[in-house]
Protein chains: 2
Amino acid sequence: MKSVYRTHHCGQLDKSHVGQEVVINGWVQKRRDLGGLIFLDLRDRSGVVQVVFNPEISEEAARLADKVRSQYVLAIRGEVIERSPDTINPKMKTGEIEVQGKELEVLNESKTPPFMIEDDVDVDETVRLKYRYLDLRRPVMQRTLQLRHQAMQVARRFLDRNGFVEVETPMLTKSTPEGARDYLVPSRVHHGEFYALPQSPQIFKQLLMVSGMERYFQIVRCFRDEDLRADRQPEFTQIDIEASFLEPEQFLSMMEELVAELFQETIGLDVPRPFQRLTYQEAMERYGSDKPDLRFGMELVDLSEIVKESGFKVFASTVSGGGKVKAINAKGSAGWSRKEVDQWGQTAQELGAKGLAWLAFKEEGLKGPVAKFLSEDEVAQIGRAMDAQTGDMILFVADKPQTVNDVLGELRLRLGKSLNLIDEKAFRFAWITEFPLLTYDEEDGRYYANHHPFTMPMEEDIPLLETDPGKVRAQAYDMVLNGYEIGGGSQRIHRREVQEAMFKALGFTMEEAREQFGFMMDAFEYGAPPHGGIAFGFDRIVMLLAGRNNLRDCIAFPKTASASCLMTEAPSPVDEKQLDELHIQVKEKPSHKKEI
Amino acid sequence: MKSVYRTHHCGQLDKSHVGQEVVINGWVQKRRDLGGLIFLDLRDRSGVVQVVFNPEISEEAARLADKVRSQYVLAIRGEVIERSPDTINPKMKTGEIEVQGKELEVLNESKTPPFMIEDDVDVDETVRLKYRYLDLRRPVMQRTLQLRHQAMQVARRFLDRNGFVEVETPMLTKSTPEGARDYLVPSRVHHGEFYALPQSPQIFKQLLMVSGMERYFQIVRCFRDEDLRADRQPEFTQIDIEASFLEPEQFLSMMEELVAELFQETIGLDVPRPFQRLTYQEAMERYGSDKPDLRFGMELVDLSEIVKESGFKVFASTVSGGGKVKAINAKGSAGWSRKEVDQWGQTAQELGAKGLAWLAFKEEGLKGPVAKFLSEDEVAQIGRAMDAQTGDMILFVADKPQTVNDVLGELRLRLGKSLNLIDEKAFRFAWITEFPLLTYDEEDGRYYANHHPFTMPMEEDIPLLETDPGKVRAQAYDMVLNGYEIGGGSQRIHRREVQEAMFKALGFTMEEAREQFGFMMDAFEYGAPPHGGIAFGFDRIVMLLAGRNNLRDCIAFPKTASASCLMTEAPSPVDEKQLDELHIQVKEKPSHKKEI
């Protein structure tokens, strides 16, 4: 062959190419023999095309084609021909044509892969992760990575156009005292000292504001050494943004624009703006969650006032003891079997409730253990509050306010799924605002910052920092989408007296604060501008864009729940010599046998 | 003030705004008092504008303005007015106008900064690094970071347009056996095991080719725990690129286009293409360097043939002993004083030469210690070979070939600078090709790969892998610019038999190779396509674009030569508890006192 490299991509060929001679490259997807002809499906990044080898046209090529196997890498020269009407494959993008093979060169051979290279492959995820390079050959994975690429480019173009400057911040930095566990990196040059990998570029982006950068962004890797859940990775990617001299309202609407453009340009979704807003308080009350899935209703309704003197003692005593009674309406579920009712009750208990009371509005009248304890008036009021119709099932939880919200919030999500109330094609964005600034830790006997210690309190709450820190609301906002938090940010403290009050509430003297946040505190004394920012969880956004439900499917080389890479087998033991140079040694594993 | 945030940027205001009311934000650059008026220069990211406060217009604003100090953060409302002709400042972009201040709000105060916030600041770099947030306020630093941002966007747009997909590869990965020292990250979950920070995404980008990604790029942080030179950082940024199914020639010309677009779109430089090409051998012979500065001539000339039987014994014996005699022509330098000649001779010795012979072509005849030993014919031949005119100074080094090239290569650079031969505005790009594949390490008694063990040999040299590995040339290429290597890449081995021969030459059995490169070797058995790639040193490219000569000036938060960050004081000691969780402990510092 004169040149073995492609003139066209496989997936690009159609009737407009008929009669042209082309060279294509790619991997053998399928080979079959049919009446003396050899058919190969050749796949490249763009798609698949069928190539037919006829010994009467080229004996040599047909002979070679007969020997190739799945995943061989080929170069093929041939002519694009129309398929006969009966062989047209409408399911294939290139199904109206095929390539008549004239020359074939095997660029590389392949062993038989451990699983089929196709979208609906039935194989354990651990095998896919071990052979990630083959897993990524599957079209669905290629599409996801391309989508991720596109989303990155769109975000950058938007931010660039809006005057944000991309600045790279250090990966080898200083361990931060508050927050999640750091990944540490021992220093060879400085005996006994360590770098930390950044949990976020928070401090650096704020310093860039002090430095007058005014608008900063970065699509940046961050690290948290936490026990992993399904939707966490030890390293993850953030779209990190910070801006000075901008009204928070202007900033939020710019961020809405960014996200809208991201969804528009990648999956063609038209995102209505402005986004719905809910205060943290409201989100918790109505959805039992600070990242509510707004694709369906079934809101939590507070019935405490109605049942506070109810004959159902559990309700009455809960309310009088400072607790709440709230309920959700599982519409049309009055007909649940005893078993179904019990199962949901058990779920509620697993989630932390003492029990799940229920009231079914049946044709034949009210059913449920609480029915007989409720007065007619109470039932009527509950019916109105819950918008209950015949056929509906009301589920109650009575407990401490937080438990009630947590349990009903989670039940709501599971019921929404189970009752098919969720439009999987819908995207419901919202801002959650006015988060509590601080949370009291009983064990440590002190307050901790919910976001970080540089988050600005709401102006009207600043005096509460001294008198009732738990009540202080933050100028903090999360962007939520379909039950996920996709971004979180805040206005930052730029004035010294507010920062001092904040540290005092956290139980630090200014001396201690200076020790921990030294250079940051220094920096803020040289003219910090008013500023704020946000960080978007990029992996999660890609997951939602791609309509996937596993974060690992949206990352090229992800880690497992034990933070391992099954392909490279990282982490792994290293040479003693390497550790010597770093002035560290591994401790002996604690023995689980006890001496007698 | 109704809104304290800007309607205009400071640097944007000009005569077209005269008569408009504006709000501006920024930092006080300068304050001065003049005949009862207060003048403030206000600076933001875009530039500086003068604001004048007249107590007769606003007493309150003038009173406040009188109190502000350098680096205070202000919001100012005022009217843009024309300056009177005698006060126009032609050096200032906004020098035809000023803002008549009507309201002023101090958004934040500032302590007196430790150095002046201006371009030509005379302060030790360590102070600038400690107060980096102030250093980055200086316009020259802002311009450099903006240039860096622009360069990133241009590179990404070019690569996106050309079908390259941006894929993020892991930062927590596996320690690689060959190459520079890794930064290690202890694992908390896996006792005694470590991640390594990537020296480059080399393995991952090749696996992405196996996975059919076809064209990949990433602007990515890489890490090397090496002793730092002025132009090295422990973490640095690469534009990392890999492509499959592409003729190396096509790839190189695409990379030329990328770089040309980068220089065109950022600094408006028109880069001629194709780039000059030099083989490694040729570059070493003619410039004594594999990254020659081609902005000036003064090439190294091999005179061995001419002087091999010279009466100057050092020359003759060097040649007969297998060495070389080469020279450069310091044009117009025949008039050097004895002291100058001695200084250059001493430099040559410091660089490793035994001495520096010289021959001055003076009006009054030949001068120099070797003159009397050379025959008339030898002088004539040397004169022709060196293109020597009256007034020229020829400098000779006679030694082992490598020493000759190293010493004269470095002398050439220093003389080029000292004689003002270098056009500082010029950019001379070239490709250096055909690098040696392997280098023999006397100490270890084995060959090492010069690039990495997956670099493809030149086809015609493959048989030499068995017979004479040191002679094998690689399909490797560096892009050089003005004496810097700005990129390096190669075609990769994708065929098993070549990879086996390579490992054999490196002294590995396939078993050992599999142990070290296990998953990589596996991956290559499932249909690796022909592929190759390159990595550009982005920090260095920015440095050259910005016309700077210190890499640290082109990185927002750089580290010192001892890999410290003077601002955050990273690395630093950490809590014993953190180390416990990571199952490591710091070794005791070796005592330098010896027991008697």
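Reader: Is the crossing of α4(A) and α4(B) left-handed or right-handed?
Author: Quick caveat first: this is a predicted model, where local features need pLDDT of at least 70 and side-chain atom pairs count only at pLDDT 80 or more, while totals for chains, interfaces and linings use all residues. Residues are numbered from 1 along each chain as its sequence is written, chains are lettered from A and ligands numbered from 1 in the order in which they are written, and side-chain values use heavy atoms, leaving out hydrogens and water. A crossing is left-handed if the near helix is turned anticlockwise from the far one by less than a right angle, and right-handed if clockwise. By that rule, the way α4(A) passes α4(B) is left-handed.

Reader: And how are α4(A) and α4(B) oriented to each other, parallel or antiparallel, perpendicular or oblique?
Author: Helices here are DSSP runs (H or I, at least four residues; strands are E, at least two), numbered from the N terminus. Axes are lines fitted to C-alpha atoms, for helices over the stretch in contact, with angles from 0 to 180 degrees between N-to-C directions. The axes of α4 (139–161) in chain A and α4 (139–161) in chain B come within 11 Å and cross at roughly 140°. Under 35 degrees counts as roughly parallel, over 145 as roughly antiparallel, 65 to 115 as roughly perpendicular and the rest as oblique, so α4(A) and α4(B) are oblique.

Reader: Which residues of α4(B) does α4(A) meet?
Author: Contact means heavy atoms within 4.5 Å. On the chain A side, the residues are A:His149, A:Gln153, A:Arg156, A:Arg157 and A:Asp160. They meet B:His149, B:Gln153, B:Arg156, B:Arg157 and B:Asp160.

Reader: How many charged residues does the contact of α4(A) with α4(B) have?
Author: Ala, Val, Leu, Ile, Met, Phe, Trp, Tyr, Cys and Pro count as nonpolar, Asp, Glu, Lys and Arg as charged, and the others, Gly among them, as polar. The contact has no nonpolar and four polar residues, and its charged count is six.

Reader: What about α10(A) and α12(A): how many nonpolar residues are in that contact?
Author: Helix α10 (338–350) and helix α12 (401–418) of chain A pack at about 140° with axes 9 Å apart, and the crossing is right-handed. A:Trp344, A:Thr347 and A:Ala348 meet A:Val407, A:Leu411, A:Arg414, A:Leu415 and A:Ser418. By class there are two polar and one charged, and the nonpolar count is five.

Reader: Is A:Arg224 buried, partly exposed or exposed?
Author: An unreviewed UniProt entry lists A:Arg224 under "binding site" (such annotations may be inferred rather than shown by experiment, feature names are shortened, and positions follow the numbering used here). The residue lies in the loop between β9 (215–223) and β10 (235–244). Buried means under 20% relative accessible area and exposed over 50%, with partly exposed in between (1.4 Å probe, protein chains only). At 26%, A:Arg224 is therefore partly exposed.

Reader: Which residues does A:His451 contact, leaving aside neighbours within four places in sequence?
Author: A:His451 lies in the loop between β19 (446–449) and α13 (464–467), and is partly exposed at 31%. Its contacts are A:Phe435, A:Ala476 and A:Asp478.
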